[in-house]
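Hello,

Here is the structure for you to look over. My notes follow below it.

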Amino acid sequence: MTIRRSTNEDEITDAVDAATVPEPDVLERARMIIVDKLGEWDSLGLDELVESVCEAYEAPSGEPLRVADVNQDAPDTDSPALRNLRYARAARTAVIALVEAGTIIPVAPLDEDTALVGEGSRTVTPPASTPAATAQMETTDSAARQAGTDEVLVSVGPLPEGRRFALATR
């Protein structure tokens, strides 16, 4: 049996995208977690909301995403990195749905948000005209060599407009 390894950045992105699509019940639970968390605080950053959803699904961040995790011949591979990415994507998708429904609203970032992101960080808010995507580190060997680096950025999933959110007042 021959196993095809994705080495092209577009193939890797497509495979990660396909492997991290959250199911409807996951999205509904992510929405509930986000509303509950925002009910406890005046506002929370997107990273805090994402981490809350990932923790609820016992899918913490920190594991590197490997080529073996992105095997198109084994789409059911469920590595810790893919689990985290799936639930992070669910959280971001839920934030977008909650903003569209008017349940939560983006609010101005606090000073500490800027300090956390810092200058030179890879966390940026894309211009409104750019297709929304998030960046996740990928350490694929040949894709990294082609790019001349140890890491390649793989885009996957939606990115809400705004970095801090609060419950909408009615």
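First, a term: rings of Phe, Tyr and Trp (its six-membered ring) pair if their centres lie within 6.5 Å; planes under 30 degrees apart count as stacked, over 60 as edge-to-face and the rest as tilted. The structure holds 1 aromatic pair. The ring centres of Tyr 57 and Tyr 87 are 4.2 Å apart and the planes are at 5°, so this pair is stacked. It links distant parts of the chain, 30 residues apart: Tyr 57 is in the loop between H3 and H4, Tyr 87 in helix H4. Both Tyr 57 and Tyr 87 are buried (under 20% relative accessible area; exposed is over 50%, partly exposed in between; 1.4 Å probe, protein chains only).

Arg 29 has its charged end over the ring of Tyr 57, 4.7 Å from the centre (the criterion: NZ of Lys or CZ of Arg within 6 Å of the ring centre and within 35 degrees of the ring normal).

Now helix H2, residues 24–40. Its 17 residues reach 25 Å from first C-alpha to last, close to the 24 Å expected at 1.5 Å a residue (1.5 Å times one less than the number of residues). Helices (H or I, at least four residues) and strands (E, at least two) are DSSP runs, numbered from the N terminus. Val 26, Leu 27, Ala 30, Ile 33, Ile 34 and Leu 38 are buried in H2. Seen down the axis, these buried residues fall within an arc of 125° (directions from the helix axis to the C-beta atoms), so they line one face of H2. On the other side, Pro 24, Asp 25, Asp 36, Gly 39 and Glu 40 are exposed.

The model is predicted: local features need pLDDT of at least 70, side-chain atom pairs count only at pLDDT 80 or more, and totals for chains, interfaces and linings use all residues. Residues are numbered from 1 along each chain as its sequence is written, and side-chain values use heavy atoms, with hydrogens and water left out.

Best wishes
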